Amino acid sequence: MAPSMKIFKKSSPNGILGSSHDTSFVTETEDLIGFGIALGRLYLFLGKREYVSCDGVIEDIKGVANLPEFKDFLKGKFVFASLICNFRHGREEDEVMGVSFQKELVVDRIQVYPPPDKSEEKDKLQSKLIQKLGDSAFPFVLNFPKTAPNSVLIKGEEGDASNMGVSYDVKLHVADNSEDFKGVKKASVAMGIRKVQWSPINDKQRSPTATADKGFLCSKGKIVLECTLDREIFYHGEEIPVHVSVHNNSKKSVKTIRCSINQHCELTMVGAQYSCKVARLETKDGCPLGPGASLNRTFTMKPLAQMCAHERGLALDAALSKVRDETNLASSSIAETGDSNDLLGVIVSYSVKVKIILSGMGGDLEVDLPFKLTMPRPDSEEADKLEELKKVTNEENIRTNKRRMKFQAQDSVLVDTFGGSQEE
C-alpha cells in the first residue's frame with residue numbers, strides 16, 4: 001500500500017455548490033484528508049500548517065490554489081496568495097472609538113492568476129494535486145523573511161473574543177487590480193498556520209553562571225550568592241537542576257532561599273515588557289545559615305504550561321489542533337541573523353532567579369541567570385517524554401478539579417438530629 005499524504009483544505013464562503021462537511025478524496029496512490037468549510041469558488045490547499053525555522057533556514061510555504069470555472073468569473077481579475085502576520089496586543093472587547101489593538105502585515109505576496117511566466121519548481125505534493133484537480137489548479141510558493149517572529153499566543157481571560165499574540169495566515173483573494181491587497185471577504189479564503197523554531201544543534205554548550213554579593217554599612221564581611229546551570233539550552237518538560245552556593249562572611253544570617261523561573265515578554269510593536277513566574281519554590285533547608293558558614297544545594301525545577309495554565313499574560317506556543325494537546329510554553333526567541341536587535345513581535349526569554357532573605361534589616365540578595373527554553377525536535381526521545389508528561393499532568397489536573405468541585409458542592413452547614421432515640 002502506498003504511503004498516505006495529508007492535505008489541508010479550506011474554501012471561500014462564496015459557494016455556488018451548496019455546503020459540505022470535511023471531504024476525503026482517496027486514490028490508489030494517496031490519501032487526501034480535507035479540512036474545509038462550505039464549498040466555494042476559491043479553494044486553498046496546503047500540505048502542512050507548521051513551518052520550522054532552524055539553523056538559519058526557514059521552510060517555504062508550498063500550496064495550491066484551485067479556481068474552478070476560472071475562465072468564466074475571473075476575466076480581467078487577479079488572484080493573489082499572501083502570507084499575513086497578525087499582531088494583537090489588546091482585547092477586541094476594548095476596541096472603542098476607532099482604537100485598534102491589532103496590526104496586520106503582509107510579509108510576502110505572489111500572483112497566482114494569471115499565472116506568472118516563470119514558475120517555481122513543483123514539489124511532489126503540488127504535482128499530485130495538479131494532476132488530480134486539472135487545469136484549475138495553480139501552485140504557489142510563499143517565503144518567510146529571516147526576521148519573521150515565531151507564532152506566540154498570549155493567554156488572556158476566559159471568554160475573550162480573540163487571542164493576543166503573533167499569528168500567521170495564508171490568504172487567497174480575488175482582486176480587481178494589482179494594488180488590491182485585501183479583496184472582498186466573500187471572494188477570499190485564509191488558513192491559519194504556525195511558525196516554530198528549533199534550537200540549533202550545538203554539542204558544546206557553555207555552563208552559565210551568575211554571582212552577586214552584598215556588603216553592609218555597619219559591619220564587615222559580605223554574603224556571596226552564586227547560581228549555576230548545567231547547560232544553556234533546555235527542552236520543554238525537562239527538569240532543570242539549579243545549583244546554588246551561598247558563602248556567608250558577614251554577621252547576618254540567611255533565613256530563606258527562594259528560587260523561581262521567570263518568563264519575560266517584550267512586545268516590540270508597543271514597547272511594553274512584563275514577566276510571569278512559570279515555576280517557583282521556597283525552602284528553609286540548611287537555614288538559618290549563620291556567620292562564617294557556607295551552603296551548597298541543587299534545586300530541580302520543571303516549567304510546564306499545564307502547571308501554570310491559569311496565569312494571565314502567559315506566552316504559549318500557538319496551537320493548531322483542537323484534539324491533540326499542543327500547549328507548550330513559548331520557546332525562547334533566537335535571532336536567525338545572529339543579531340538580537342532583529343527580533344520582532346513578541347520576544348520571549350527565560351531566566352532563573354534565586355533570592356535569599358537575610359535576618360534583621362539585612363534585606364535580601366538575588367541573582368538572575370538567563371537560559372533558553374526550546375521545543376524538542378519531533379520523533380526524538382525528548383519529544384516523547386514531553387507528550388507523556390503533558391498527558392500525566394492533564395490527568396492530575398482533571399482529578400484535582402473534580403475534588404475541588406466536589407468540595408465546593410458540599411453544604412457548609414451540617415444538618416444533624418439532637419435528642420433523638422438511639423434505639424433502632
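Which exposed residues does the face of helix 2 turned away from its buried side carry? Point 2 takes this up, after an overview.

1. **Overall make-up.** This is a predicted model. The secondary structure of the protein comes to three helices and 23 strands. The protein has 424 residues, and buried residues make up 41% of them. Take the contacts between residues at least 6 apart in sequence: 70% of these join residues at least 24 apart.

2. **Helix 2.** This helix spans residues 124–133. The exposed residues on the face turned away from its buried side are K124 and Q131. The buried residues of helix 2 are L125, Q126 and L129. Viewed down the helix axis, the buried residues fall within an arc of 95 degrees, so they line one face of helix 2. The background is simple: an α-helix has 3.6 residues a turn, so residues three or four places apart point the same way. Just after helix 2 comes G134, with a positive phi of about 90 degrees.

3. **F144 and Y168.** The structure holds six aromatic pairs. One of them joins F144 and Y168: the ring centres are 5.3 Å apart and the planes stand at 85 degrees, so the pair is edge-to-face. The cut-off behind that label is a plane angle over 60 degrees. The pair links distant parts of the chain, 24 residues apart. F144 lies in the loop between strand 10 (137–142) and strand 11 (152–154). Y168 lies in strand 12 (residues 164–175). F144 is buried at a relative accessible area of 9%, and Y168 is buried at 1%. Ring pairs also bring in Y51, which forms a cluster with F144 and Y168.

4. **Y350 and F371.** This aromatic pair is tilted, with 6.2 Å centre to centre and 35 degrees between the planes. Y350 sits in strand 22 (residues 346–358) and F371 in strand 23 (residues 364–374), so the pair ties together parts that are 21 residues apart in sequence. Y350 counts as buried, at 1% relative accessibility. F371 is buried too, with a relative accessible area of 4%.

5. **Strands 22 and 23.** The strands that hold Y350 and F371 run antiparallel and are joined by eight bridges. S351 has P370 in strand 23 as its bridge partner. Strands 22 and 23 form a hairpin, with five residues between them. In the turn, G360 has a positive phi of about 65 degrees.

6. **Strands 16 and 23.** Strand 23 also pairs with strand 16 (residues 233–235). Here the strands run parallel, and three bridges join them. I233 has K372 in strand 23 as its bridge partner.

7. Which strands form the open sheet, and in what order? Four strands do so, in the order 14-15-17-20, with antiparallel pairing. Strand 14 (209–215) and strand 20 (294–301) are the edge strands, and each pairs on one side only. Neighbouring strands in this sheet are turned by 15 degrees against each other on average, direction ignored. Strand 15 (residues 222–229) and strand 17 (residues 240–248) pair over seven bridges in the antiparallel sense. I223 stands opposite N248 in strand 17.

8. **Charges over rings.** Where does the charged end of R109 sit? It sits over the ring of F80, 3.8 Å from the ring centre. K252 lies over the face of F216, at 5.8 Å from the ring centre.

9. **S82.** S82 has its place in strand 8 (residues 78–88). S82 is buried, with a relative accessible area of 1%. The cut-off for that term is under 20%. Leaving aside neighbours within four places in sequence, the contacts of S82 include V106, D108 and R109. L142 is also in contact with S82.

Note on methods:
Residues numbered from 1 in each chain as written. Predicted model: local features only at pLDDT ≥ 70, side-chain atom pairs only at ≥ 80, totals over all residues. Heavy atoms only, no water. Phe/Tyr/Trp six-rings, centres within 6.5 Å; stacked < 30°, edge-to-face > 60°. Helix = DSSP H or I, 4+ residues; strand = E, 2+ residues; numbered from the N terminus. Buried < 20%, exposed > 50% of the residue type's maximum accessible area, 1.4 Å probe, protein only. Lys NZ or Arg CZ within 6 Å of the ring centre and 35° of its normal. Arc of directions from axis to C-beta. Pairing = 2+ DSSP bridges. Axes fitted to C-alpha atoms, helices over the stretch in contact; angles between N-to-C directions. Contact = heavy atoms within 4.5 Å.
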